[in-house]
Amino acid sequence: MSNMINIALPKGRLGDKVYDMFEKAGFECPAIREKNRKLIFENPEAGVRYFWVKPSDVAIYVERGAADIGVAGKDILMEAGTDVYELLDLNVGKCTMAVAGPAGFSYDRSNELRVATKFVNVAREFYAASGTDIDIIHLNGSIELAPILGLSDVIVDLVETGTTLKENNLEVIDVIADISARLISNKSSFKFKTKQIVDISRRLESVIED
Ligand code: PRP
């Protein structure tokens, strides 16, 4: 078990793209393409074992060493403040973390700003930097509904194409960060399996597309 590199991939569309990159880089595992509900796949010859993990859990598997490396969105890494090495920007899963609100919204500072988001830590940190008092409303999805229904003044959320904002009469007010998928490593795995992990990282780097 310990000689193989254990890799946590985010289940879903991003994970499929990321697995394609691992395959191109020479770490194929054909069984992963079979349509079934299995969560673990390995290719002993290539020295890799893949796990499909809920995207928001990848960083936890890697931080705690259940996986040596993994691929997680920068949004999740920012929010969780995970203690892992970030080895590579894979240039996929690209989007923006932004503050958005109703078109023309302006904040008069006489009241606390009500901010709805999944990313409560990112939002707190962003507004703390400007000394803005906020009331955080922690939601789990469909964040764009909050300002429409008067539940919040603004949202902090991911914007990819901008379609969801546009179709709900919202617009970007501030960009907080550029987001993409990152290759991350457990710190002690990196120490003890340096050669294999650096090799995977270099070979992945060579298949990154612009
Ligand atoms: C994400 C994000 C936005 C939307 C942005 O939601 O939270 O709602 O995608 O994409 P767009 O700019 O291309 O429209 P997701 O689909 O992951 O679902 P969620 O509402 O459950 O977060």
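Is K187 buried, partly exposed or exposed? At 32% relative accessibility, K187 counts as partly exposed; buried means under 20% relative accessible area, exposed over 50%, and partly exposed in between (1.4 Å probe, protein chains only).

## Basis of the model

This is a predicted model, in which local features need pLDDT of at least 70 and side-chain atom pairs count only at pLDDT 80 or more, while totals for chains, interfaces and linings use all residues. Residues are numbered from 1 along each chain as its sequence is written, and side-chain values use heavy atoms, with hydrogens and water left out.

## The chain as a whole

The chain has eight helices and eleven strands. Both kinds of element are DSSP runs numbered from the N terminus: helices are H or I runs of at least four residues, and strands are E runs of at least two. Along its principal axes, the C-alpha trace spans about 65 × 35 × 30 Å.

Of the 210 residues in the chain, 44% are buried. A contact means heavy atoms within 4.5 Å. Among contacts between residues at least 6 apart in sequence, 68% join residues at least 24 apart.

Seven residues of domain 1 are in contact with ten residues of domain 2. Between them the domains bury about 660 Å², and 52% of this area is on carbon and sulfur atoms. Buried area here is the accessible area (1.4 Å probe) that two parts lose on being put together, summed over both. In domain 1, the residues that lose the most area to domain 2 are D75, M78 and E79, together 75% of what that side buries.

Across this interface the rule finds zero salt bridges, a salt bridge being a side-chain nitrogen of Lys or Arg within 4 Å of a carboxyl oxygen of Asp or Glu. Three residue pairs, both residues at pLDDT 80 or more, are in polar contact across the interface. A polar contact is a pair of N or O atoms within 3.5 Å; within protein, one must be able to donate a hydrogen and the other to accept it, and residues adjacent in sequence count only if both atoms are side-chain atoms. Helix α3 (residues 74–80) gives the most to the side of domain 1 that touches domain 2, with four residues. By class, that side of domain 1 has one nonpolar, two polar and four charged residues. In this scheme Ala, Val, Leu, Ile, Met, Phe, Trp, Tyr, Cys and Pro count as nonpolar, Asp, Glu, Lys and Arg as charged, and the others, Gly among them, as polar.

## Salt bridges

Side chains of opposite charge can pair when their charged atoms come close. The structure holds eleven salt bridges. One of them joins the side chains of E42 and R49 (2.7 Å, N to O). E42 is partly exposed at 41% relative accessibility, whereas R49 is buried at 8%.

Another salt bridge joins D68 and K193, at 3.0 Å from N to O. This pair links distant parts of the chain, 125 residues apart: D68 is in the loop between α2 (58–63) and β4 (69–73), and K193 is in the loop between α7 and α8 (194–205). Both D68 and K193 are buried.

D83 and K187 also form a salt bridge, with their closest N and O atoms 2.6 Å apart. D83 is in the loop between α3 and β5 (85–89) and K187 is in helix α7, so placed that the pair links distant parts of the chain, 104 residues apart. D83 is partly exposed, with a relative accessible area of 44%. Salt bridges that share partners join K74, E86, D89 and R182 into one network.

## Two residues in detail

S189 is found in helix α7 (residues 187–192) and counts as buried, at 8% relative accessibility. A polar contact of 2.7 Å joins the side chains of S189 and D68. Leaving aside neighbours within four places in sequence, S189 is in contact with D68, T194 and I197.

L151 lies in the loop between α5 (145–148) and β9 (154–159). L151 is partly exposed, with a relative accessible area of 42%. Not counting residues up to four places away in sequence, L151 touches R114, I137, L139 and A146. L151 and R114 are 37 residues apart in sequence and 7.9 Å apart in space, C-alpha to C-alpha.
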